[in-house]
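Here is a short note for a colleague who has not seen this structure before. The points below can be checked one by one against the picture.

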Amino acid sequence: MQPHRNGNLSVMPLQEFVLEGFEGGPPTQALLFALFLALYVVAVLGNLTMIVLITLDARLHSPMYFFLKNLSFLDLCYSSVIAPKALANFLSSSKVITFEGCATQFFFFSLLVTTEGFLLAVMAYDRFMAICSPLCYPISMRPLVCACLVLSCYCGGCLNSILQTSFTFSLPFCSSNHINHFFCDVPPMLKLACADTTINELVMFGICGLIIVGTTLVVLISYGYITGTILRMRSGGGRHKLFSTCGSHMTAVSLFYGTVFVMYAQPGAVQSMEQGKVVSVFYTLVIPMLNPLIYSLRNKDVKDALQRLGQKHTAT
């Protein structure tokens, strides 16, 4: 029997975990339930609206909006992996999740979040090709290429998710089955392990750091060339439109990569669970809620498409 790091020799196979979530009595839990529900409903409605709008409006059938539709799909899915269980736990006294359910939740969350990180880099590359090589753009970003790029994002996300899930859930867990979080994530899971988690932490920081640095470099290099091209343009109106479109993407990139870096790509993340909970709320619910607003409020094409859809609905 392997000893616990704190000296407790009691190790038992766990069949279920308890998601402790946030501290506080029934009034606090009710307030958190209302907050999570509001964020989740807005995120679902916003992302569904973007998906339907881009699908129905022929003027938005371009590579940029194809990627944006996939971004909305990812935001919709990974917030739905987390929010329903969290909402149920706010109203429950047990807050239990099975071992298999915990592993499944983490697998899909890791898959979808990693895929989104890769997709944001692909979207930056798409803008680079559209602005810096407009003559080659229709060939370079033809539908088959776009589909392959999105598929490669999912493959990268799946590979990372398999590695993270297998490394984490193959650990021996101690008799304490209380996860100090509102969903199954690596940092709080490592706290329950009875074995040395140095390898797991190195894998998490290494892979996440590599993904974040690699995708950030793609974004920065792409936007470096884009900025130079835009500044050389003579048309002030053209510069304003391109800066507005690219500004929406840079805002989404900054929010996503910043919060993921704080949580996974720096060693202090594993030690600060309370900070981790707040950061996790931001990237599991707030960012999926904000992305449709960012891309719709600062994008004239999307606003025009919304108006056309509204006019069509009132006419019928």
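1. Burial. Of the 316 residues in the chain, 49% are buried. The model is a predicted one. The chain has an accessible surface of about 14,800 Å², and carbon and sulfur atoms account for 70% of that surface.

2. Fold elements. The chain holds 11 helices and 3 strands. In sequence order the elements run β-α-α-β-α-α-α-β-α-α-α-α-α-α. Taking contacts between residues at least 6 apart in sequence, 80% join residues at least 24 apart.

3. Annotated spans. An unreviewed UniProt entry carries the annotation "transmembrane region" for residues 30-54, 66-83, 103-123, 144-163, 202-226, 247-266 and 278-297. Two of these spans can be described in the model. Residues 144-163 are 100% helix and 0% strand, with their end C-alpha atoms 29 Å apart. Residues 202-226 are likewise 100% helix and 0% strand, and here the end C-alpha atoms lie 35 Å apart.

4. A nonpolar surface patch. Which residues form the nonpolar patch on the surface? They are L159, L163, F167 and I199, which together have about 350 Å² of accessible area. Helix α5 (residues 143-169) gives the most to this patch, with 3 residues. I199 lies in helix α7 (residues 198-231). I199 counts as exposed because its relative accessibility is 53%, and the cut-off for exposed is over 50%.

5. Aromatic pairs. The whole structure contains 18 aromatic pairs. One of them is F22 with F36: the ring centres are 6.1 Å apart and the planes stand at 70°, so the pair is edge-to-face. The angle decides this, because planes over 60 degrees apart count as edge-to-face. This pair links distant parts of the chain, since F22 sits in the loop between β1 (16-19) and α1 (26-56) while F36 is in helix α1, 14 residues apart. Are these two residues buried or exposed? F22 counts as buried at 17% relative accessibility, and F36 is buried with a relative accessible area of 1%.

6. A second pair. F99 and F169 also form an edge-to-face aromatic pair, at 5.6 Å centre to centre and 90° between the planes. The pair links distant parts of the chain: F99 belongs to helix α3 (residues 99-132) and F169 to helix α5, 70 residues apart. F169 is buried, because its relative accessible area is 12% and buried means under 20%.

7. An aromatic cluster. F22 and F36 belong to one aromatic cluster together with Y78, F90, F109, F182, F183 and Y283.

Technical notes:
Residues are numbered from 1 along each chain as its sequence is written. This is a predicted model: local features need pLDDT of at least 70, side-chain atom pairs count only at pLDDT 80 or more; totals for chains, interfaces and linings use all residues. Side-chain values use heavy atoms; hydrogens and water are left out. UniProt positions are given in the numbering used here, feature names are shortened, and annotations may be inferred rather than shown by experiment. Helices (H or I, at least four residues) and strands (E, at least two) are DSSP runs, numbered from the N terminus. Buried means under 20% relative accessible area, exposed over 50%, partly exposed in between (1.4 Å probe, protein chains only). Contact means heavy atoms within 4.5 Å. Accessible areas come from the Shrake-Rupley method with a 1.4 Å probe; for residues, only the protein chains shown count as cover. Patches are made of residues with over 30% relative accessible area and no salt bridge: like charges are joined within 9 Å, nonpolar side chains (Val, Leu, Ile, Met, Phe, Trp, Tyr) within 5 Å. A salt bridge is a side-chain nitrogen of Lys or Arg within 4 Å of a carboxyl oxygen of Asp or Glu. Rings of Phe, Tyr and Trp (its six-membered ring) pair if their centres lie within 6.5 Å; planes under 30 degrees apart count as stacked, over 60 as edge-to-face and the rest as tilted.
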